[in-house]
Amino acid sequence: MAKFIEINQVSRVTRRVQGEDEHEYVHEPILVNADKILTIIPQGEECIITFPGETENIYAAHSAMWVMGLINGHQ
């Protein structure tokens, strides 16, 4: 049975305000199938989660250790 973990994905949002682009980072909660994770790459307070055969990575607003704790059943 698949094990899903909830993480906050970091997405960059661009909007145009008075003719200029403004960039903002949004944290959105998503569910990830832990069985499908290929690698977790530490990036300080954040991490990158990759999946086999996928070109898009997930940028998580959590440390790699925190994500590993979720996968192993610790919070």
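Me: Which residue in β2 is the bridge partner of Gln 9?

Reply: Glu 28 is the bridge partner of Gln 9. This is a predicted model: local features need pLDDT of at least 70, side-chain atom pairs count only at pLDDT 80 or more, and totals for chains, interfaces and linings use all residues. Residues are numbered from 1 along each chain as its sequence is written, and side-chain values use heavy atoms, without hydrogens and water.

Me: Why are strands β1 and β2 said to pair?

Reply: Strands are DSSP runs of E with at least two residues, and helices are runs of H or I with at least four, both numbered from the N terminus. Pairing requires at least two bridges found by DSSP. Strand β1 (residues 4–17) and β2 share 14 bridges in the antiparallel sense, so they pair. The two strands form a hairpin with two residues between them; in the turn, Gln 18 has a positive phi of about 50°.

Me: Why is Ala 34 called buried?

Reply: The relative accessible area of Ala 34 is 12%. Buried means under 20% (exposed is over 50%, partly exposed in between, with a 1.4 Å probe and protein chains only), so Ala 34 is buried. Ala 34 lies in the loop between β2 (20–33) and β3 (39–43).

Me: What is Ala 34 in contact with, leaving aside its neighbours within four places in sequence?

Reply: Contact means heavy atoms within 4.5 Å, and Lys 3, Ile 5 and Ile 71 are in contact with Ala 34.

Me: Which residues of helix α1 are buried?

Reply: In α1 (residues 64–71), they are Ala 64, Val 67, Gly 69 and Leu 70. Their cover includes β1, β3 and β4 (46–50).
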